[in-house]
Amino acid sequence: MRRASAAQRRLIAIGQRFYARGWALGTSGNFSAVISRRPFRLAITASSVAKGALRPADILECDEHGQVIGSRGGGTPSAETLLHVAVAQRRRAGCVLHTHSVWSTILSDTSAGVERDVLTIEGYEMLKGLAGVTSHDHSERIPILPNDQDIRKLAARAAATLDRFPDAHAFLLRRHGLYTWGDTIADAERHVEILEFLLETVARTQTRTGSARMPGGTSWPL
């Protein structure tokens with residue numbers, strides 16, 4: 001996978017940083033970078049590997065169908081490869097990053113601040129770190145999708161959601177985590193940092209004020 005050597009190194013470094021920050025513990029999360037559009041080729045983390053200890057062999061090359069290209073290591077690409085393909089194609093993204101932080105998981109499953117499965121975050125200066133956002137006076141609408149073990153079905157739902165929310169910088173999978181992306185690997189990593197900061201801020205604020213309620217009416221403990 002010679003063309004992806006730079007992508008391998010950068011995704012490995014991201015895995016180390018995200019693990020250290022608690023955003024991709026254990027084998028959770030998956031990361032990808034587009035290395036070719038025609039033909040479509042994606043460098044993506046292998047399934048069931050610890051993101052804090054990634055090796056070059058753990059970054060596989062796949063086509064638009066999620067099939068491994070030219071790998072002799074016997075690794076299996078992330079089970080969510082088709083989600084990455086959907087985002088990369090719908091958003092023309094160069095990199096897609098998926099984290100499993102505590103705060104993104106909590107907010108994906110709370111009714112506070114959510115209307116029709118959309119989490120709205122507004123008024124924060126940190127929003128200006130998202131591509132195209134120039135003022136804190138911005139409402140970021142993050143769709144929340146139900147999780148599904150049928151990845152083809154989930155990828156189709158994600159693609160439809162991206163079409164419905166053309167300005168969204170991310171989406172959440174319920175009780176699962178955050179998906180975001182960027183034109184470059186650096187842009188995608190910045191979006192993770194911005195969004196994880198905002199999600200933690202919102203969740204901590206709701207916890208402090210006692211306004212957050214989980215489905216069924218149970219308040220978060222203060």
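Biologist: Which residues of H2 are buried?

Modeller: This is a predicted model, to start with. In H2, the buried residues are Thr81, Leu82, Leu83, His84, Val85, Ala86, Val87, Ala88 and Arg91.

Biologist: What does H2 pack on?

Modeller: Eight strands form an open sheet, in the order E3-E2-E1-E4-E8-E7-E6-E5. The pairing is mixed. Strand E3 (59–62) and strand E5 (118–122) are the edges, and each pairs on one side only. On average, neighbouring strands are turned by 20° against each other, direction ignored. Helix H2 (residues 81–91) packs on this sheet. H2 touches E1, strand E2 (41–45), E3, E4, strand E7 (170–173) and E8. The direction of H2 makes about 135° with that of E2.

Biologist: Which strands does helix H4 lie across?

Modeller: Helix H4 (residues 151–164) lies across strand E6 (139–145), E7 and E8. H4 runs at about 160° to E6.

Biologist: Back to the sheet. How do strands pair, in general?

Modeller: Through backbone hydrogen bonds, either parallel or antiparallel.

Biologist: Take E4, then. How many bridges join strand E1 to E4?

Modeller: Four, and E1 (residues 30–36) and E4 run antiparallel. Within that pairing, Ala33 has Cys95 as its bridge partner in E4. Asn30 stands opposite His98 in E4.

Biologist: How many bridges join E4 to strand E8?

Modeller: Five. E4 and E8 (residues 177–182) run antiparallel. Here Cys95 stands opposite Gly182 in E8.

Biologist: How many residues of E4 are buried?

Modeller: Five of its five. The strand covers residues 95–99.

Biologist: Which way do the residues of E4 point?

Modeller: Cys95, Leu97 and Thr99 point one way from E4. Val96 and His98 point the other way. All of them are buried.

Biologist: New topic. Where does Thr45 lie?

Modeller: In strand E2.

Biologist: Why does Thr45 count as buried?

Modeller: Because its relative accessible area is 0%, and buried means under 20%.

Biologist: What does Thr45 touch?

Modeller: Leaving out residues up to four places away in sequence, Thr45 touches Asn30, Phe31, Lys51, Leu54, Asp58, Ile59, Pro77 and Ser78.

Biologist: Is Asp58 buried or exposed?

Modeller: Asp58 counts as buried, because its relative accessibility is 7%.

Biologist: What is Asp58 in contact with?

Modeller: Setting aside neighbours within four places in sequence, Asp58 contacts Ile44, Thr45, Ala46, Val49 and Ala53.

Biologist: There's another aspartate I noticed, Asp137. Where is its place?

Modeller: Asp137 sits in the loop between E5 and E6.

Biologist: Buried or exposed?

Modeller: Exposed, because Asp137 has 67% relative accessibility and the cut-off for exposed is over 50%.

Biologist: What separates the C-alpha atoms of Asp137 and Glu122?

Modeller: They are separated by 6.8 Å. Along the chain, Asp137 and Glu122 are 15 residues apart.

Key. Residues are numbered from 1 along each chain as its sequence is written. This is a predicted model: local features need pLDDT of at least 70, side-chain atom pairs count only at pLDDT 80 or more; totals for chains, interfaces and linings use all residues. Side-chain values use heavy atoms; hydrogens and water are left out. Buried means under 20% relative accessible area, exposed over 50%, partly exposed in between (1.4 Å probe, protein chains only). Helices (H or I, at least four residues) and strands (E, at least two) are DSSP runs, numbered from the N terminus. Two strands pair if DSSP finds at least two bridges between them. Axes are lines fitted to C-alpha atoms, for helices over the stretch in contact, and angles run from 0 to 180 degrees between N-to-C directions. Contact means heavy atoms within 4.5 Å.
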